[in-house]
Amino acid sequence: MRKDVRILLVGEPKVGKTSLIMSLVSEEFPDEVPLRAEEITIPADVTPERVPTHIVDYSEAEQSEEQLYQEISKANVICIVYSVNNKKSIEKVTSHWIPLINDRTDKDSRVPLILVGNKSDLVEHSSMETILPIMNQYQDIETCVECSAKNLKNISELFYYAQKAVLHPTGPLYCPEEKELKPSCIKALTRIFKVSDLDNDGILNDNELNFFQVKTCFNTPLAPQALEDVKNVVRRNMADGVKDNGLTLKGFLFLHTLFIQRGRHETTWTVLRRFGYDDDLELTQEYLFPLIKIPPDCTTELNHNAYLFLQSIFDKHDKDRDCALSPEELKDLFKVFPYMPWGPDVKNTVCTNDQGWITYQGYLSQWTLTTYLDVQRSLEYLGYLGYSIIYEHESQAAAITVTRNKRIDLQKKQTQRSVFRCNVLGAQGSGKSGFLQRSLHRIREDHKSLYAINTTYVYGQEKYLLLHEVMPDFDFLSEADLACDVVCLVYDVNDPRSFEYCAKTYKQYFMDSKIPCVVIAAKSDLHEVRQHYSLPPLEFCRKHKLHPPQPFTCNTSDPLGKELYTRLTTMAMYPHVRRRCLCGCNRCTYCLCQNLLRLELLRSIKAQLRRVVFNRHMAQADLKNSTFWLRASLGATVCAVLGFAMYRALLKQR
C-alpha cells in the first residue's frame with residue numbers, strides 16, 4: 001500500500017474548492033476565503049487508513065497552466081469540484097476538466113477521479129441524475145459525493161473516498177460495464193484460493209476458511225453462524241458456489257465480486273496485499289525477493305521449517321500417494337506460478353522413478369539445489385507458494401539458513417552444513433556425465449544436465465552431495481569452477497591421453513589448495529592402457545599424497561560407487577584431516593580409515609579422564625565428603641567403560 005496520498009482539487013472558479021479544504025481543517029465554515037489554500041498535510045494517525053494525506057488546492061487566478069499540469073502529474077487522486085446550483089460548472093466537468101486531465105496522464109496509469117458536488121445547502125434537489133451518465137461514460141471516475149462546505153456535510157467523507165480511491169482502487173479489480181472481475185484480478189484470487197486450499201481438494205472447508213480469516217488476512221475468526229451466513233449468500237446466488245459444505249473457487253470469486261459491488265473493495269485489497277500484490281495486481285519485488293545478506297565463503301540452505309513446508313506441498317499434490325509427482329501433478333503444483341519453473345533438465349538432475357517422474361527425494365533435492373545455486377530464485381518460488389503467509393513469517397527469507405564462513409569450519413574442525421559441492425573435472429569423453437548419473441542410481445543416454453544432486457549418509461547423518469560437471473578448458477578455470485568442497489578428477493582408463501588433463505589441472509589449480517581431491521579411473525570395465533604422461537596415475541597420486549585412483553564404471557547392475565559418493569561427502573565435511581593418515585599406515589587419504597577415528601576417540605576419552613582427575617584435585621582442598629569421591633570415581637569409570645566399548649565397536653566394524 002502507498003506510504004502517502006496526494007489529493008488535488010480542481011474546478012471552475014467560485015465552486016468552493018478552497019472552502020472545502022478550510023472547512024475540513026477548521027471544522028467550521030470560514031468567514032473569509034482566500035483565492036487558494038496552502039498545501040496541507042493530514043497526519044497518518046487522524047486518517048481512517050492511517051496514511052499521511054496531502055491536500056493541494058488549485059486556483060486559476062494565482063497559478064499558471066504549467067503549474068496545473070505539474071500538480072496533475074504529481075497527484076494520486078483528483079477531485080473535480082462543481083457547484084450543484086451551477087449547470088455551467090457541471091458541463092465543464094466533461095467538456096474541459098476530464099479531457100485536460102486525461103491528456104496530461106498516461107493512458108495505462110490514469111489517476112482516479114472523484115466528482116464533488118459542492119453547495120448542496122443551496123438546493124433542495126440532487127444533481128445525481130445529471131452526474132450518473134457522466135460516471136458511466138468515464139471509467140476513471142471512482143464515485144461522486146455531494147457535500148456542503150458551509151454546513152460541513154460529507155466533508156470528511158469526501159476526503160475519505162478520495163483516500164480510498166488511491167489505496168483501494170476499483171479499476172484494477174472490476175469492470176463496471178461487464179459487472180464482473182477483471183482477468184488479472186481473477187488470476188490473483190485464483191492463486192490465493194489454491195494457496196489457502198491446504199488439502200488441495202478444490203474446496204475451502206470451515207477450517208481453511210478460518211485459517212484464511214485469522215492467520216492470513218484479518219486476524220479475527222469467523223463465528224460458526226457467520227460462516228454459514230457467508231455460504232448461504234453464495235448458495236442463493238450460485239448453484240456451484242458451495243460444495244460439500246465448503247466454498248468452491250467460483251464461490252470465492254463471487255464473494256469478492258459482491259464485496260466490490262457493495263463498495264467494500266478494501267476487503268479484497270486487504271487479501272491481495274497480504275498475498276504480495278501491488279496496485280497493478282503484480283507480485284511486488286519486495287515480496288518475491290526479500291533482502292538476505294550472504295557473506296563471502298558462505299552458502300545458503302533450506303532450514304527445517306522450509307523442508308516441512310515443501311513436504312506438505314508435495315503431499316498435497318501427490319494424489320495417488322506413490323511418492324512421485326506425475327506430469328499432471330507437477331503441473332497442478334506449479335499452477336500458482338506465472339510460468340513453469342522446472343524444465344526437462346530437472347529429470348536428469350535428481351532422482352526419478354521408472355516412469356521418469358520426480359520422486360519425493362528428487363523433489364527435495366531440486367529445491368536444495370536451487371537454494372544452493374540461486375537463493376533469490378528459491379525465495380521467488382517460495383513466495384509463489386505462499387510460504388511466509390502459511391507460516392506467518394515476515395518474508396520467505398525465514399526459510400533460508402546462511403551457513404558460516406568455511407574458514408571457521410576449518411578452524412573448529414566441524415561443520416553444520418548439509419550441502420556439499422563436488423566439482424567433476426576431466427577431458428572430453430572421460431566419463432564425467434556417467435559419474436553424475438550414477439549418483440542418481442541410473443544411466444541416461446539423453447543426459448542434458450551439468451548437475452546431479454542426491455543424499456548420502458555420513459556417520460548416520462543425511463547430507464546432500466551436489467555434483468557439478470565442469471566443461472573442460474585447458475587454458476582457464478574460473479573462480480566458480482574452483483569454488484567447491486571436494487574435487488573429482490576423472491580420466492578414461494581406455495584413452496591414453498585422458499589422464500594428462502587431470503594431472504595438469506591438479507598441478508595448476510589444486511596442488512597448493514586446501515580442497516580435497518580424488519582421482520577417478522572411469523570406464524574401469526574396459527582394458528586399461530598406458531597413459532601418455534610422464535608418471536602413471538598411481539605414481540602421480542603417490543607423489544602428491546593423493547588416494548590411489550578409484551575404479552569406476554557405469555556398466556554394471558550392482559550399486560557401484562555408493563561408497564565412493566559417501567567418501568566424497570566425508571572428505572568435503574572433513575577437509576582439515578591430513579592427507580596422510582595419522583596412524584601412519586600410508587594406505588588412506590584424508591583418513592577415511594577406522595584407525596584415525598579410533599585414535600580421535602581415544603584422545604577424546606583421555607581428555608575426559610584428564611578433566612575428571614583435574615577436577616578431583618581442585619576440589620580436594622574443599623570437599624572431604626566421601627559421597628563426592630564415590631561419584632567422581634563412578635563417573636570416571638563410566639567414561640572409561642563407554643570409551644572402551646566404542647573402541648571395540650569400531651574395531652569390530654573394521
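This is a predicted model: local features need pLDDT of at least 70, side-chain atom pairs count only at pLDDT 80 or more; totals for chains, interfaces and linings use all residues.

**Entry 1: around helix α20.** Next I listed the residues being covered: Ser498, Phe499, Tyr501, Cys502, Ala503, Thr505, Tyr506 and Phe510 are the buried ones of α20.

I also checked the length of α20. The helix runs over residues 498-510, and its 13 residues at 1.5 Å a residue should span 18 Å; the end C-alpha atoms are 18 Å apart, so the two agree.

**Entry 2: the largest pocket.** How much space lies in the largest pocket? I found about 1,400 Å³. I then looked at its lining of 45 residues, where Gln139, Glu142, Thr170, Gly171 and Pro172 are the closest to the centre. The elements giving two or more residues to this lining are α2 (65-74), α4 (128-137), β6 (141-146), α5 (155-167) and α9 (249-261). Of these, α5 gives the largest share, with 4 residues. By type, I noted 16 nonpolar, 13 polar and 16 charged residues in the lining.

**Entry 3: an annotated stretch.** Last, I turned to the UniProt record, an unreviewed entry, which annotates residues 305-340 as "domain: EF-hand". In the model, the chain over residues 305-340 is 56% helix and 6% strand. I noted that the end C-alpha atoms of this stretch are 24 Å apart.

Conventions
Residues are numbered from 1 along each chain as its sequence is written. Side-chain values use heavy atoms; hydrogens and water are left out. UniProt positions are given in the numbering used here, feature names are shortened, and annotations may be inferred rather than shown by experiment. The expected span of a helix is 1.5 Å times one less than its number of residues. Buried means under 20% relative accessible area, exposed over 50%, partly exposed in between (1.4 Å probe, protein chains only). On a 1 Å grid over the protein atoms alone, a cavity is a set of points where a 1.4 Å probe fits but cannot get out, and a pocket is an open set with protein on both sides within 12 Å along at least five of seven lines; lining residues have an atom within 4 Å of a point. Grid points are joined across faces, edges and corners, and a volume is the space filled by probe spheres set on the points. Ala, Val, Leu, Ile, Met, Phe, Trp, Tyr, Cys and Pro count as nonpolar, Asp, Glu, Lys and Arg as charged, and the others, Gly among them, as polar.
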